[in-house]
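Me: I'm new to this one and would like to look at its aromatic rings. Could you walk me through them?

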Amino acid sequence: MQTSRPIARHALLLSLLVLAACKPAAPAPQLVVWAWERPEDLRFLPKGTEIAVQTGFIELAGDGFLARGRHYPLRTDQPPNTAVVHIQIDDSVPLRWTPALRARVAAAALNLARVVPTPRVQIDFEVRQSQRQILVDVLRDVRAGLPRKIPLSMTAIASWCQEDWLNALPVDEIVPMLFRMGRGDPAIRSRIEGGSDWSEPACRKALAISADTPIARAPTGRRIYLFAPRSWTPSTFDAVRKQVEQWR
């Protein structure tokens, strides 16, 4: 009877190994290709890949702003899934953020988001710490102006996701950008590649990477936005797609 114990242990170990081998692979993440303000031909994208197209540009300056639609063509075999409105502040002119200007900017952002009918809207607006209330105001007003069924997404500087002010924002998705991270790049990159996640739970639904800034590892189970510094090509897309697949 004593010799049966090692046999039982081996049988149990073999069973566990078989179960591990039969465990299904993690599902492929949802890839979203950003089509920024430049000519893009995305007809090569495989079925199921989403497209987030920049449909508008807004620049705030002084007591006014400039707003315009997309200048460059987008060629695709499938309709875009996300309309992206890029907003920036001209820091060379002191901004006077009044209720009137706030209302006009929100209206412009909503109009630009409707240029291409999509089931999702994204606001891309990087601000300094002293300007965060402006970002919050824009997000609140855009959310209020969108139908409830339309999810609102926002991009985020990666360091924001290590802070505690994002969870109150009226958005359905926050996309931390794992590229062009400035002085904090090495520390954030090391943390994420080491297997850690964002301290802010609201940042754990999506992330963004750049085709020219590989990252060895990132959290799985979320939407992956793909950025390229130049117009997309099949080879550029394939390279970044394979990079993402190695995280699984």
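This is a predicted model: local features need pLDDT of at least 70, side-chain atom pairs count only at pLDDT 80 or more; totals for chains, interfaces and linings use all residues.

Me: How do the rings of W232 and F237 pair?
Reply: W232 is buried too, with a relative accessible area of 5%. The ring centres of W232 and F237 are 6.5 Å apart, and their planes stand at 70 degrees. Planes over 60 degrees apart count as edge-to-face. The pair of W232 and F237 is therefore edge-to-face.

Me: How many aromatic pairs does the structure hold?
Reply: Rings pair if their centres lie within 6.5 Å. By that cut-off, the number of aromatic pairs in the structure is six.

Me: What kind of pair do F179 and F227 form, and how many residues apart are they?
Reply: Their centres are 5.1 Å apart with 10 degrees between the planes, which makes the pair stacked. F179 lies in the loop between strand 9 and helix 4, while F227 belongs to strand 11. The pair thus links distant parts of the chain, and the two are 48 residues apart.

Me: Which residues do ring pairs link into a cluster?
Reply: Here several rings come together through pairs. The members of this cluster are W34, W36 and Y225.

Me: Which ring does the charged end of R68 sit over?
Reply: The charged end of R68 is 4.6 Å from the centre of that ring. The ring belongs to F57.

Terms used: Residues are numbered from 1 along each chain as its sequence is written. Side-chain values use heavy atoms; hydrogens and water are left out. Rings of Phe, Tyr and Trp (its six-membered ring) pair if their centres lie within 6.5 Å; planes under 30 degrees apart count as stacked, over 60 as edge-to-face and the rest as tilted. Helices (H or I, at least four residues) and strands (E, at least two) are DSSP runs, numbered from the N terminus. Buried means under 20% relative accessible area, exposed over 50%, partly exposed in between (1.4 Å probe, protein chains only). A charge sits over a ring if NZ of Lys or CZ of Arg is within 6 Å of the ring centre and within 35 degrees of the ring normal.
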